[in-house]
Amino acid sequence: TQRSEVGLPKIAMAAVRMYCTHVCGYCAAAARLLEKKGVSVETIYVDDRPEQRAAMIETTGRSSVPQIFIGVRHVGGYRELAALEINDQLDALLQGA
């Protein structure tokens, strides 16, 4: 277990991957929420990489962005991410619980 600056154990966060575009308000909102949580996000811009858009659609069955994964779990888009936060479930998911 790593130690934080104040001596408490540092909790390992699950890997977060987000498929988005450069001009997506919901993508920006999701990024802000995750940043507020101190989460590092792997951002994949599908408007620059059509092969990644195709992979996103094949994996999720959805063509809209953002599409967010926490660990191996497909969370969905911003609304689903926000619902997890509102229902006090996001922190546990990010911590791999």
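Trainee: Is Cys24 buried or exposed?
Mentor: Buried means under 20% relative accessible area, exposed over 50%, and partly exposed in between, with a 1.4 Å probe and protein chains only. The relative accessibility of Cys24 is 13%. Cys24 therefore counts as buried.

Trainee: What kind of model is this?
Mentor: Residues are numbered from 1 along each chain as its sequence is written, and side-chain values use heavy atoms, with hydrogens and water left out. Local features need pLDDT of at least 70, side-chain atom pairs count only at pLDDT 80 or more, and totals for chains, interfaces and linings use all residues; the model is predicted.

Trainee: In what order do the elements of the protein chain run?
Mentor: Helices (H or I, at least four residues) and strands (E, at least two) are DSSP runs, numbered from the N terminus. There are four helices and four strands. From the N terminus on, the order is β-α-β-α-β-β-α-α.

Trainee: What is the order of the strands in the open sheet?
Mentor: Two strands pair if DSSP finds at least two bridges between them. This sheet has four strands and mixed pairing, in the order S2-S1-S3-S4.

Trainee: Which are its edge strands?
Mentor: An edge strand here pairs on one side only. Inside the order, S1 (residues 16–20) and S3 (residues 67–70) run antiparallel, joined by four bridges. The edge strands are S2 (41–45) and S4 (73–76).

Trainee: What angle does helix H3 make with S4?
Mentor: Axes are lines fitted to C-alpha atoms, for helices over the stretch in contact, and angles run from 0 to 180 degrees between N-to-C directions. Helix H3 (residues 78–86) lies across S3 and S4. Its angle to S4 is about 100°.

Trainee: Which residue takes a positive phi in the hairpin of S3 and S4?
Mentor: S3 and S4 run antiparallel, with three bridges, and Phe69 stands opposite His74. Two residues lie between these strands, and a phi near 65° belongs to Gly71.

Trainee: How many residues does the largest nonpolar core have?
Mentor: A nonpolar core is a set of buried Ala, Val, Leu, Ile, Met, Phe, Trp, Tyr and Cys residues joined through side-chain atoms within 4.5 Å. Val16, Ile68 and Val75 are among those with the most contacts inside the largest one. S1, H1, S3, H3 and helix H4 (90–94) each supply at least two of its residues. The core has 24 residues.

Trainee: How many disulfides does the structure hold?
Mentor: A disulfide is a pair of cysteine sulfur atoms within 2.5 Å. Cys20 has its closest cysteine sulfur in Cys27, 4.6 Å away, so this pair is too far for a bond. The number of disulfides is zero.

Trainee: Where is Thr21?
Mentor: Thr21 has a relative accessible area of 12%, so this residue is buried. Beyond its neighbours within four places in sequence, its contacts include Cys27, Tyr45 and Arg53. Its place is in the loop between S1 and H1.

Note on methods:
Contact means heavy atoms within 4.5 Å.
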